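Subject: Structure handover

Hello,

Here is the structure I said I would pass on. My notes on it follow below.

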Amino acid sequence: MTGELRQTSFAEVKERRGTDQSSLTAFGGGSNETFIAVVQAPNDTGIDELCDEWMQELGMPRFLLEQFWSKRSAYRSNPSISNAHNAAFDEVELHDKYVSYLYNDDDAQDAIRKIIERLTSGENITLVCFEGDSKKCHRHILMDMIEREMPRFELEV
């Protein structure tokens, strides 16, 4: 039995779960879905409180975030660039750099393996980060990688 892998934004989790205790209790009991924050730092947003777990090692590495933030800031002041976020994501080559990080960082590899183990045991997992669906985001890359690695992992077991 294989669980389902999903992804969503923090805003959607916040809206869905709410902040009252009855919502939190409802999500904790009887549900076979685990929300995992895959961000470098919660940044006082409450993402670590609304998600069941936080896997920092699957967040975008800080040095890459800093490159992205710098480029995005510059693009935001340029009126000819309509989507500063996505333009900066491409310019900094975050897709390729994040994939390289995931393949080469031992902690990230271990976290991916743990997620795959949990999925293959039937657990449903939702990856959560800050970006909305219209923005380029590392959680989409992470989800694709996990889905690609599952068959290889299952052969090893």
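In these notes, two residues are in contact when they have heavy atoms within 4.5 Å. Of the contacts in the chain between residues at least 6 apart in sequence, 68% join residues at least 24 apart. Please keep in mind that this is a predicted model.

Overall make-up

The chain has eight helices and four strands. Along the sequence they come in the pattern β-α-α-β-α-β-α-α-α-α-β-α. Of the 157 residues in the chain, 45% are buried. The chain exposes about 8600 Å², and 46% of that comes from carbon and sulfur atoms.

The sheet

The four strands form an open sheet in the order β1-β4-β2-β3, with parallel pairing. Strands β1 and β3 are the edges, each pairing on one side only. In general, strands of a sheet pair through backbone hydrogen bonds, either parallel or antiparallel.

Taking the pairs in turn, β1 and β4 run parallel and are joined by five bridges. Strand β2 (residues 33-37) is also joined to β4 (residues 124-129) by five bridges, again in parallel. Within that pair, E33 stands opposite N124 of β4.

How enclosed is β2? Five of its five residues are buried, so the strand is largely enclosed by the rest of the structure. E33, F35 and A37 point one way from β2, while T34 and I36 point the other way. In a regular strand the side chains alternate between the two faces of the sheet.

S9 is in strand β1 (residues 5-9), and its bridge partner in β4 is C129. Is S9 buried or exposed? Its relative accessible area is 3%, and the cut-off for buried is under 20%, so S9 counts as buried. Beyond its neighbours up to four places away in sequence, S9 touches V128, C129, F130, E131, G132 and R139.

The nonpolar core

In soluble globular proteins, nonpolar side chains tend to be buried together. Here the largest nonpolar core has 44 residues, and those with the most contacts inside it are L58, L102, I115, L127, L142 and I146.

The largest pocket

The largest pocket has a volume of about 290 Å³. It is lined by 19 residues, of which L65, W69, F130, E131 and H138 are the closest to its centre. Helices α4 (62-76) and α5 (84-91) each supply at least two residues of the lining. Which helix gives the most to the lining? That is α4, with five residues.

H138 lies in helix α8 (residues 138-156). Its relative accessibility is 9%, so H138 counts as buried. Apart from neighbours within four places in sequence, H138 is in contact with V38, L58, G59, M60, F89, Y98 and C129. Among these, L58 is one of the residues with the most contacts inside the largest nonpolar core, and C129 is the bridge partner of S9.

Regards

Notes
Residues numbered from 1 in each chain as written. Predicted model: local features only at pLDDT ≥ 70, side-chain atom pairs only at ≥ 80, totals over all residues. Heavy atoms only, no water. Buried < 20%, exposed > 50% of the residue type's maximum accessible area, 1.4 Å probe, protein only. Areas by Shrake-Rupley, 256 points an atom, 1.4 Å probe, with all protein chains shown as cover. Pairing = 2+ DSSP bridges. Core = buried A, V, L, I, M, F, W, Y, C linked by side-chain atoms within 4.5 Å. 1 Å grid on protein atoms, 1.4 Å probe; cavity = no way out; pocket = protein on both sides within 12 Å on 5 of 7 lines; lining within 4 Å. Points joined across faces, edges and corners; volume = space filled by probe spheres on them.
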